[in-house]
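The sequence and model come first, then the notes by topic.

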Amino acid sequence: MLSTILLVIASILLFFYFSYRWALPRPIPGIPYNASSAGKVLGDVPDLLNELALTGDMVQWLLKQNLKTQSPISQIFVQPLGKPYVLVSDWRAARDVMMHRSKEFDRSSLITNLFEGLLRRQQFTLQTGAEWRAHRFLVQDTMTPAFLNKMCAPAIYARSLDMVKLWTIKERLAGGRPFRATDDIFHATFDAVNSFSFGEQFQHSSTRPHIELLEKEEPERIQEGQDINAPVEFPKAHIDPSLDAMLELSEIMEAVKNAPSPSLQWRWTKLTRSFRQHTALKDACLRTEISKAVLRAQRRDERGTPAGHEEKVEEPSTSTIRSGIDVIIDRETRVAAKEQRAPDYTSQPIMDELFGFVVAGHDTMSTTLCWAVKFLADNPGTQTKLRQALRVAHAAAVNESRAPAAEEIASARIPYLEAVMEEVLRCGLTVPIGDREVVAESGADLLGYRIPKGVIVFFLHNGPGMRIPESDANIAKYGTEAGALHGGKKGGIAPWSDDDITNFKPERWLSDDGSFDAQAGPSMPFGLGIRACFGKRLAYLEFRILLTMMMWHFSLGPCPEELSGYAGQLAVVHKPRVCYVRLESITK
Ligand code: HEM
């Protein structure tokens, strides 16, 4: 009897022991890792949670892992029972993989899981293949320079005027005190991407209700107290429920991203009433806009298709097509005609690509602009130089005492403006990590290690040579490889000089002759290669317009310490923790 009991106890103990051993992280052979984490079922999770509690900044924690192991490649265990993630902080390897090794490394399944409930079949969440190509084909004409500069720039510009109007009112009411800028910038970029997607005639705006609410206010009703450094709190206006639904869905996305299992979180979220209501409102809005675009297309047809146009599937007629949705409808009509089928304007790919513009376009853009106002407020010299460069380039506008027009901003290439935008992207790190998954059957070699199929690799955009000094050892090891890997420029792209790499310094992007050099040093804010950001051209156009208008009309003063600083938090993108402005209108 006793021996039976002992046997049962031993079996139970053995079961727990082997279960525990089985649940421990299984490192990829050779790749450095934190040894103490490998001995815990939760791996690096406790350390990560500690860091998040202290600083809230996951991006810095990721980089610290490679700095701790003193290696440009390491692995972390943050998925209990799952595979390790590989962290690569070497920018040369990142460039090489993204630009030349897309057959071995593809969009990761992590992205598909994260966005699953929001964008089921959108180009961002698909792996490279026939379906992804079909999605690209559907939307590719939305990013032609002619369409963007002629048709979209005026629509985005109109929204920038709304923002200028709102900030003019707020500046008057704030009386030199700071106020929170995050929501205003968020609304301005949301309106801009909506006007790109649905056209200038899109009736909803998230900025105008705030203008209407505040324009009749008086400073004494808004401001409390006398402290010039105390932030002014402005009341918030209600915005249209369909816009609100789109914004709420983006918020839900952030909650999913922070969940231990995005797939399980989505399953639960999809059952909630609020998610279903928001989705229904968003879908209804998209369908309404699609119907209007189809009607516009029919009217265009009744007026007559431009001669020779009916045969082409490649080019939309930019003279009649004014928004992203018009382009997509036009493409679907022509493809359907070619394939001899009825067009399906509300197909899942169309609905998802359309909403994809909004999701991919507004959080990234607003975050980038938030970083921009912070860097500019803390660097008055840069502001002065930028304003001066804008005034020289838009001399006609200065002479006529007006702001530059949409077409003028869209067509001007002002080296210092380009340099400021690029430096904001480098320092702000809106998208601080590039994701790829090893898809090659036999795995892939990277920086001397073999990574098995199915492992997700994070390329860190804040590593040595990009945002922090690069050690001599690293340069000796990889420096010569850069030239071989990237060809083109003699010796490839050189890392930024260690002396000022951590500083915000737009001048680093200018050549000796004052021209802008996009290849001056390593930075990959939009990713690279075949899966690089689809909306990059739109992003630059929007950035150019909003930043020009902001600098033209306002000077950004420094904010008190507690409302400043560069601490970030990784939601869907890497946002500044606080973003306040202290405005002064520029009168001439
Ligand atoms: C400052 C603003 C923006 C930044 C920093 C940004 C950054 C990025 C990055 C880093 C990627 C991943 C690239 C890669 O994996 O190599 C990406 C993908 C993408 N972006 Fe952007 N983006 C911005 C604005 C936009 C806008 C305005 C749109 C469109 C309206 C857009 C649409 C997309 C799409 C569709 C993808 C997925 C492409 C694919 O996987 O094939 N982005 N973006």
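Contact means heavy atoms within 4.5 Å. Helices (H or I, at least four residues) and strands (E, at least two) are DSSP runs, numbered from the N terminus. The model is predicted: local features need pLDDT of at least 70 and side-chain atom pairs count only at pLDDT 80 or more, while totals for chains, interfaces and linings use all residues. Residues are numbered from 1 along each chain as its sequence is written, and side-chain values use heavy atoms, with hydrogens and water left out.

**Helix pair α12 and α13**

- Helix α12 (residues 241–257) packs on helix α13 (residues 262–271) at an angle of about 140 degrees, with the axes 9 Å apart; axes are lines fitted to C-alpha atoms, for helices over the stretch in contact, and angles run from 0 to 180 degrees between N-to-C directions.
- That angle makes α12 oblique to α13, given that angles under 35 degrees count as roughly parallel, over 145 as roughly antiparallel, 65 to 115 as roughly perpendicular and the rest as oblique.
- From α12, I252, M253 and V256 meet P262, Q265, W266 and T269 of α13.
- This contact of α12 with α13 has five nonpolar, two polar and no charged residues; Ala, Val, Leu, Ile, Met, Phe, Trp, Tyr, Cys and Pro count as nonpolar, Asp, Glu, Lys and Arg as charged, and the others, Gly among them, as polar.

**Helix pair α16 and α20**

- The axes of α16 and helix α20 (residues 415–428) are 9 Å apart, and the helices pack at an angle of about 105 degrees.
- α16 is therefore roughly perpendicular to α20.
- T368, W371, A372, F375 and L376 of α16 make the contact with V420, V424, L425, C427 and G428 of α20.

**Domains**

- The domain assignment gives domain 1 (29–114 + 430–466 + 468–501) and domain 2 (142–219 + 234–276 + 350–424 + 529–585); such bounds come from an automatic or database domain assignment.
- The C-alpha centres of domain 1 and domain 2 are 30 Å apart.
- Contact between the domains involves 17 residues of domain 1 and 19 residues of domain 2.

**Ligand shell**

- The ligand is surrounded by 25 residues, the closest being R107, W132, R436, R531 and C533; a residue is near a molecule if one of its heavy atoms lies within 4 Å of it.
- The shell divides into 14 nonpolar, seven polar and four charged residues.
- α7 (130–139), α16 (348–378) and α22 (536–553) each supply at least two shell residues, and α16 gives the largest share, six residues.
- Domain 1 and domain 2 both give residues to the shell around the ligand, so the ligand lies between them.
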